[in-house]
Amino acid sequence: MSTPRIALLASATDVAQAALAQLGKLHGMHAPQDADVVVALGGDGFMLQTLHRHGVLGKPVYGMKLGSVGFLMNQHHVDDLLARISAAEPAVLHPLEMLAQTESGTTVGSLAYNEVSLLRQTRQAAHISIELNGQIRLDELICDGVMVATPAGSTAYNFSASGPILPLGANVMALTPIAPFRPRRWRGAVLKSGTEVRFRVLDPHKRPVSATADSHEVRDVTEVLVRESSDRSVTLLFDPEHNLEERILSEQFTV
């Protein structure tokens, strides 16, 4: 097999930029559209940026941790990059698609590889109704917010909000409230990945709500539709001993 062409991308930190220069001397520099593999140097935030910017190319992405958080990354080593890429195990991720309608009448679309979250914009709690596949399941959720998370994102904000950790490849997503006040005992739900979730903001003028797909925020939303994207996927590459499925499993036994 011929040597793969590698696109090296790095966050703006000094340590990531130093690794970029070092790896560039060893493997050359290719544009993402001309490469066989994209290598992302940074933390999970930079990995998400890379997926959003270049995921449409369909190139596998191998990350190396050079940031504060690295759940989606492999350990950083310089010398054996080609061998590690060759031996890496793939994990296919399907992002969520968010369609948000605002008070001004505009519709904004975005993708999320971790989660789509709705959050109150002011001191007052949000009042939100929840529909699943066109059927109202919760007339009114009074809360700080609510989110839909992918399996890969279930260990992030979702887990911090007491949501479930989801196994990779289980074809499910998590619907998790954020600081719910009423119904007080509602802890969320695990949904099939094909479920369409529609949130309606019940009092958007008095109780404004924003919607965020990963890091893309839309303010003053009135209605948000969330569903798994039917035409987009990305492939992350992981060292066999640190594959994403093992990391998700390990998170459930970490105390």
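Trainee: What is the relative accessible area of E217, and how do I read it?

Mentor: Buried means a relative accessible area under 20%, exposed means over 50%, and partly exposed is in between (1.4 Å probe, protein chains only). E217 has a relative accessible area of 42%, so it is partly exposed. R219 falls in the partly exposed class too, at 46%. Keep in mind that this is a predicted model, in which local features need pLDDT of at least 70, side-chain atom pairs count only at pLDDT 80 or more, and totals for chains, interfaces and linings use all residues. Residues are numbered from 1 along each chain as its sequence is written, and side-chain values use heavy atoms, leaving out hydrogens and water.

Trainee: Which residue forms a salt bridge with R219?

Mentor: Side chains of opposite charge can pair when their charged atoms come close. The criterion for a salt bridge is a side-chain nitrogen of Lys or Arg within 4 Å of a carboxyl oxygen of Asp or Glu. Here R219 pairs with E217, with 3.3 Å between the closest N and O atoms.

Trainee: How many salt bridges does a search of the whole structure find?

Mentor: The search finds nine. One of them joins E131 to R200, whose closest N and O atoms are 2.8 Å apart. Helices (H or I, at least four residues) and strands (E, at least two) are DSSP runs numbered from the N terminus. E131 sits in strand 8 (residues 126-132) and R200 in strand 12 (residues 197-201), so this pair ties together parts 69 residues apart in sequence. E131 is buried at 9% relative accessible area, while R200 is partly exposed at 31%.

Trainee: Which residue forms a salt bridge with E223?

Mentor: That is R198, and the closest N and O atoms are 2.5 Å apart. This pair also links distant parts of the chain, with E223 in strand 15 (residues 221-228) and R198 in strand 12, 25 residues apart. E223 is buried, with a relative accessible area of 13%, and R198 is partly exposed, at 22%. Now put the two pairs together: E131, R198, R200 and E223 are linked in a network of salt bridges.

Trainee: Where does T102 lie, and what does it touch?

Mentor: T102 lies in strand 5 (residues 96-102) and is buried, with a relative accessible area of 11%. Contact means heavy atoms within 4.5 Å. Leaving out residues up to four places away in sequence, T102 touches V218, R219, D220, V221 and T222.

Trainee: Where is S193 found?

Mentor: Look in the loop between strand 11 (189-192) and strand 12. S193 is buried, at 12% relative accessible area. With residues up to four places away in sequence not counted, S193 touches N171, V172, M173 and E228.

Trainee: What is the volume of the largest pocket?

Mentor: Rolling a probe the size of a water molecule over the atoms shows where empty space is left. A pocket is an open set of points on a 1 Å grid over the protein atoms alone, where a 1.4 Å probe fits, with protein on both sides within 12 Å along at least five of seven lines; lining residues have an atom within 4 Å of a point. The largest pocket has a volume of about 220 Å³. Of the 17 residues lining it, V92, L93, H94, P151 and E228 are the closest to its centre. Strand 4 (89-93) and strand 10 (172-182) are the elements that give two or more residues to this lining.

Notes: Grid points are joined across faces, edges and corners, and a volume is the space filled by probe spheres set on the points.
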